Amino acid sequence: MVKHIILWTLKSELSEEEKAQVKAGMKAGLEGLVGKVPGLIEAKVNIDGRLASSTADVMLDSTLESEEALRNYASHPEHLAVANGKVRPYTTSRACLDYEV
């Protein structure tokens, strides 16, 4: 199995209300990919409880069947629709950690 962890920082020009809406959309979109993208076992998006010491706004913690499944996830049309519609337009930075478990 493979863990795929992503941290995003939202654009600073977004209001707090806009940030809350964006976070909710990211959570619904990314978690909704389970069952749609082959090999994606689990996707949890953390949008609440952020402490002041944090340097990111949103975290995706996902589990995939294999490294091949991760590659397929990255180019899957359902994933791209979420990434291009609910994530990329609202974020300024992205950090990724992929590892085998």
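Surface patches are made of residues with over 30% relative accessible area and no salt bridge, nonpolar side chains being joined within 5 Å. In the predicted model examined here, M1, I41, L97, Y99 and V101 form such a nonpolar patch, with about 480 Å² of accessible area together. Of these residues, M1 is found in the segment that precedes β1.

In soluble globular proteins, nonpolar side chains tend to be buried together. The largest nonpolar core of the model has 22 residues, and those with the most contacts inside this core are W8, M26, L30, L33, L60 and Y73. Two or more residues each are given to the core by β1 (2-10), α1 (16-31), β2 (40-46), β3 (58-64), α2 (67-75) and α3 (77-87), with the largest share, four residues, coming from β1. When neighbours within four places in sequence are left aside, L33 is in contact with L40, Y73, E78, H79 and V82.

In α2, the buried residues include A69, L70 and Y73, which cover an arc of only 105° around the axis and so lie on the same side of α2. The buried residues of α2 are covered by elements that include β1, α1, β2, β3, α3 and β4.

The count of salt bridges comes to five. One of them is formed by D61 with K3, the closest N and O atoms being 2.7 Å apart; because D61 lies in strand β3 and K3 in strand β1, this pair ties together parts that are 58 residues apart in sequence. Within the pair, D61 is partly exposed, with a relative accessible area of 22%, whereas K3 is buried, with a relative accessible area of 12%. Another salt bridge joins the side chains of K27 and E31 (2.9 Å, N to O), residues that are four apart in helix α1 and are thus separated by about one helical turn. Both partners are partly exposed, K27 with a relative accessible area of 28% and E31 with one of 27%. The side chains of K44 and E42 likewise meet in a salt bridge (3.5 Å, N to O); K44 counts as partly exposed at 49% relative accessibility, and E42 is partly exposed at 33%.

Notes:
Residues numbered from 1 in each chain as written. Predicted model: local features only at pLDDT ≥ 70, side-chain atom pairs only at ≥ 80, totals over all residues. Heavy atoms only, no water. Core = buried A, V, L, I, M, F, W, Y, C linked by side-chain atoms within 4.5 Å. Buried < 20%, exposed > 50% of the residue type's maximum accessible area, 1.4 Å probe, protein only. Contact = heavy atoms within 4.5 Å. Patch = residues over 30% accessible without salt bridge, like charges linked within 9 Å, V, L, I, M, F, W, Y side chains within 5 Å. Areas by Shrake-Rupley, 256 points an atom, 1.4 Å probe, with all protein chains shown as cover. Salt bridge = Lys/Arg side-chain N within 4 Å of Asp/Glu carboxyl O. Arc of directions from axis to C-beta.
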